[in-house]
Amino acid sequence: MLQRILDYAHFLLEDSVQQGDVVLDGTAGNGHDTLFLSQLVGENGEVLSFDIQEQAILSTEQKINENNVKNITLIQDSHDKLKNYIPEPSTRLGGAIFNLGYLPGSDKSIVTKPDTTLTAIQNTLDLLKPQGLLVLVVYHGHHGGQEEKEALLKYLSKLEQKEFSVLRYGFVNQANNPPFILAIEKK
């Protein structure tokens with residue numbers, strides 16, 4: 001049975017992330033991926049969860065409090081500033097996820113943008129441990145989404161195959177620009 005997009009994103013991360021890892025949620029959104037990552041890394045791991053929108057941070061904070069989770073650091077800043085928040089220079093990320101597009105149920109004019117997204121991806125790839133995985137869930141049906149999608153595909157298709165493996169997973173017969181996954185494994 002084929003897995004839905006978010007289920008498959010989580011499946012990929014389950015195979016990459018280990019207990020005790022430091023991981024990244026590059027787009028906190030409503031907190032679902034942040035909580036998922038928290039469970040994967042356990043109480044000795046840490047989740048860095050970014051979002052530029054106060055609404056997203058507050059929503060994620062509420063989920064954290066409801067679930068009594070202690071291993072998450074919420075950061076209200078752009079994901080392209082990741083390197084400013086890494087606990088130690090030697091820190092390596094066990095995995096990361098970004099949901100690109102806009103925050104569901106919010107202002108659809110506030111979207112991820114190609115320039116900051118590409119910087120965030122490069123910073124994340126620099127910090128990934130070997131066999132670490134970056135999963136991008138690409139929502140591209142909104143204003144600016146096609147440009148971001150094209151920039152991502154162009155950038156990722158040029159990554160050195162000796163250093164990275166890049167996977168694309170998505171459904172081609174769904175209406176309304178269905179989201180798809182781009183997963184990058186560091187070799």
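Entry 1, terms and model. I call a residue buried when its relative accessible area is under 20%, exposed when it is over 50%, and partly exposed in between, using a 1.4 Å probe and protein chains only. Helices are DSSP runs of H or I with at least four residues, strands are runs of E with at least two, and both are numbered from the N terminus. I am working with a predicted model, where local features need pLDDT of at least 70, side-chain atom pairs count only at pLDDT 80 or more, and totals for chains, interfaces and linings use all residues. Residues are numbered from 1 along each chain as its sequence is written, and side-chain values use heavy atoms, with hydrogens and water left out.

Which residues of α1 are buried? I found I5, Y8, A9, H10, L12, L13 and S16. They pack against α2, β4, β5, β6 and β7. I then checked the span of α1. Its 12 residues reach 17 Å from the first C-alpha to the last, close to the 16 Å expected at 1.5 Å a residue. The expected span is 1.5 Å times one less than the number of residues.

I5 counts as buried because its relative accessibility is 8%. What does I5 contact, leaving aside its neighbours within four places in sequence? I listed V137, Y169, G170, F171, P179, F180 and I181. Contact means heavy atoms within 4.5 Å. I5 and F180 are 175 residues apart in sequence, but their C-alpha atoms are 6.5 Å apart in space.

The 14 residues of α4 should span 20 Å at 1.5 Å a residue, and the end C-alpha atoms are 20 Å apart, so the two agree. In α4, the buried residues are T117, A120, I121, N123, T124, L125 and L127. They pack against β1, β4, β5, α5, β6 (164-170) and β7. T119 also sits in helix α4. Is T119 buried or partly exposed? T119 counts as partly exposed because its relative accessibility is 35%. T119 and L82 are 37 residues apart in sequence and 9.4 Å apart in space, C-alpha to C-alpha.

A nonpolar core is a set of buried Ala, Val, Leu, Ile, Met, Phe, Trp, Tyr and Cys residues joined through side-chain atoms within 4.5 Å. In soluble globular proteins, nonpolar side chains tend to be buried together. The largest core here has 26 residues, and L134 and L136 touch the most other members. At least two residues of this core come from each of β1 (22-25), β2, β4, α4 (114-127), β5 (128-138), α5 (145-157) and β7 (180-186). Beyond its neighbours within four places in sequence, L136 contacts F98, L100, I121, L152, L156, F180, I181, L182 and I184. Another core lies apart from it, with 23 residues, among them I5, V23, V41 and V69.

A pocket is an open set of points on a 1 Å grid over the protein atoms alone, where a 1.4 Å probe fits and protein lies on both sides within 12 Å along at least five of seven lines; lining residues have an atom within 4 Å of a point. Its volume is the space filled by probe spheres set on the points, which are joined across faces, edges and corners. The largest pocket holds about 760 Å³ of space. How many residues line the largest pocket? I noted 38, of which T27, N99, Y102, L103 and P104 lie nearest its centre. α1 gives the most to this lining, with 3 residues. The second largest pocket has a volume of about 160 Å³. R4, I5, L6, D7, Y139, F171, Q174 and P179 line the second largest pocket.

N68 is in the loop between α3 (54-66) and β3 (72-76). Its phi is near 50°, a positive value in a residue other than glycine. N68 counts as exposed because its relative accessibility is 55%. N177 is in the loop between β6 and β7. N177 also has a positive phi, of about 50°, although it is not a glycine. N177 counts as partly exposed because its relative accessibility is 39%.
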